[in-house]
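Biologist: I would like to learn how to read a protein model. Could you walk me through a few features?

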Amino acid sequence: MKTDVAIIGAGPAGLYLAQMLHNAGINSVLLEAKSEDYVIDRVRAGVMEQGAVDTLKEIGVGEGVEKDGLVHDGIIWRFDGQDHYIDVQKLTGGRSVIVYGQQSVVRDLINARRKYSDIHFSTPVTKIEDTHGKPKVHFELDGKPVVLECDFVAGCDGFHGISRQTIPEAEQKIFEHVYPYSWLGVLAEAKPSSHVVIYSHHENGFALSSMRSEEISRLYIQVNNDDSADNWSDDALWDELELRLGNGVKDFKINRGPILQKGITPMRSYVCETMRYGNIFLAGDAAHIVPPTGAKGLNLAVGDVRVLSAGLKEYYAEGKTEWLDKYAETCLDRIWKVERFSWWTTTMFHPAPDASDFDVKMQLASLNYLANSEIGAASFAENYVGLPYAV
Ligand code: RFL
Ligand code: PHB
């Protein structure tokens, strides 16, 4: 089997890239380890930057987000018993974020590829050879080994994928920070208690109220790293959400309903600066992880594949490798800024298990300063709606 670009992984990075290459007339084959149902049912991101939505529209897959995406012009920070509305739209001269579930983004992109038989599910890649020549991607189809020969491999296979693991350890330049807390996330059949996303700093820990639609709530609480979703009965979870999200604000009531899914997400900041190894290019979570507080992981993946697709287009149209040669350098400039923002929002909102009273006062003072300073709030908002793309 042969193609121009082998894409590994049908997450946002791989699926956006496949569509971009298709539109440019570049052949690709996308290989995904899991089944189609598994990939579509996986509950993850909810907040998209305007740029990630515009990119979806540019590549011809904007119908779903146009119809069902919820435009959010601001967010609420709740601390010290008060609401502080951060008017993101005003502070950024008219930009917003859009609440549209990653499940919907992934479904829309898969649907767009369906009539072309260049996407395969349940086909885990087991080995990548000849990384510096014409790479050979080994995968399994119906349990039988197959080899795909290509010019380039796009490693869009997430944090645990095989692409980064193919790079010898000595060649990987890694930066990492693990946080002393995790998130317990809940998807519930309950009307969102607020139409605005709430970030709450509570003495028991951080809590977040978001949504997937007018009928479905998405909620999170900070828990210790050794906690488990099984330790929380539905009632205990609702009570804790109500306490932390209410946070002293009068008459706040959480809308309760059947819990559809709950799970723990560890918090990590991670960058592999080696984003290229021969003809393998890493994109999205394969190269970097951010803690979810800033709502940036999916959005960062879009930034990467915009640069990668520009490089591949230049190569196939003009035989030049200018963009490909500066792929890592170009992406890392934005990645590190977004890593900083995600680390900053995370450390500001989560009291660590060993936090002193002074540490908590510093968090509250940071929030108080930002919420009450137009310049401070504008700096937050500029990052929240998304920094400009390199290309
Ligand atoms: P993904 O989505 O992990 O996809 C990688 C795919 O590669 C497949 N794979 C393989 N396929 C073939 N062969 C192999 N050997 C393979 N190994 C792995 C996997 O099965 C998988 O399908 O990576 P990608 O595309 O880079 O996308 C990254 C995003 O999914 C991630 O950053 C976001 O979900 C992060 N995130 C958020 N991002 C936002 O921009 N806004 C948000 O509001 C937001 N909220 C969140 C989040 C992530 C969360 N969790 C659960 C980690 C909230 C949470 C709770
Ligand atoms: C979500 O809806 O999943 C979500 C919202 C805001 C965040 C992170 C995740 O900061």
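This is a predicted model: local features need pLDDT of at least 70, side-chain atom pairs count only at pLDDT 80 or more; totals for chains, interfaces and linings use all residues.

Biologist: Which residues in α9 and α11 meet?

Modeller: From α9 come Asn299, Leu300, Gly303, Asp304, Val307 and Leu308, and they meet Tyr327, Thr330, Cys331, Arg334, Ile335 and Val338 in α11. Sorted by class, this contact of α9 with α11 has seven nonpolar, three polar and two charged residues.

Biologist: And at what angle do α3 and α9 pack?

Modeller: The angle is about 50°, and the axes of α3 (residues 50–58) and α9 are 9 Å apart. α3 and α9 are therefore oblique to each other. This time the crossing is left-handed. In α3, the residues Ala52, Thr55 and Glu58 meet Asn299, Val302 and Arg306 of α9. The contact of α3 with α9 divides into two nonpolar, two polar and two charged residues. If you look for Asn299 of α9, you will find it in the contact with α11 and also in the contact with α3.

Biologist: Now for single residues. Is Leu15 buried or exposed?

Modeller: For that we look at relative accessible area, where under 20% means buried. Leu15, in helix α1 (residues 12–23), has a value of 0%, so Leu15 is buried. Leaving aside neighbours within four places in sequence, Leu15 is in contact with Gly9, Ala10, Leu30, Val106, Leu109, Ile110 and Ile119.

Biologist: What about Ser182: buried or exposed?

Modeller: Ser182 sits in strand β13 (residues 174–188) and is buried, with a relative accessible area of 2%. Its side chain makes a polar contact with the side chain of Asn225, at 2.7 Å. Beyond its neighbours within four places in sequence, Ser182 is in contact with several residues, among them Ile221, Val223, Ile264 and Met267.

Biologist: Where is Ser194 found, and what lies 2.6 Å from a polar atom of its side chain?

Modeller: Look in the loop between β13 and β14 (198–200) for Ser194. Ser194 is buried, with a relative accessible area of 13%. The backbone oxygen of Val196 is what lies 2.6 Å from a polar atom of the Ser194 side chain.

Biologist: What is the phi of Ala295?

Modeller: Ala295 has a positive phi of about 60°, although it is not a glycine. You will find Ala295 in the loop between β20 (288–289) and α9, the helix that packs with α3.

Key: Residues are numbered from 1 along each chain as its sequence is written. Chains are lettered from A and ligands numbered from 1 in the order in which they are written. Side-chain values use heavy atoms; hydrogens and water are left out. Helices (H or I, at least four residues) and strands (E, at least two) are DSSP runs, numbered from the N terminus. Buried means under 20% relative accessible area, exposed over 50%, partly exposed in between (1.4 Å probe, protein chains only). A polar contact is a pair of N or O atoms within 3.5 Å; within protein, one must be able to donate a hydrogen and the other to accept it, and residues adjacent in sequence count only if both atoms are side-chain atoms. Contact means heavy atoms within 4.5 Å. Ala, Val, Leu, Ile, Met, Phe, Trp, Tyr, Cys and Pro count as nonpolar, Asp, Glu, Lys and Arg as charged, and the others, Gly among them, as polar. Axes are lines fitted to C-alpha atoms, for helices over the stretch in contact, and angles run from 0 to 180 degrees between N-to-C directions. Angles under 35 degrees count as roughly parallel, over 145 as roughly antiparallel, 65 to 115 as roughly perpendicular and the rest as oblique. A crossing is left-handed if the near helix is turned anticlockwise from the far one by less than a right angle, and right-handed if clockwise.
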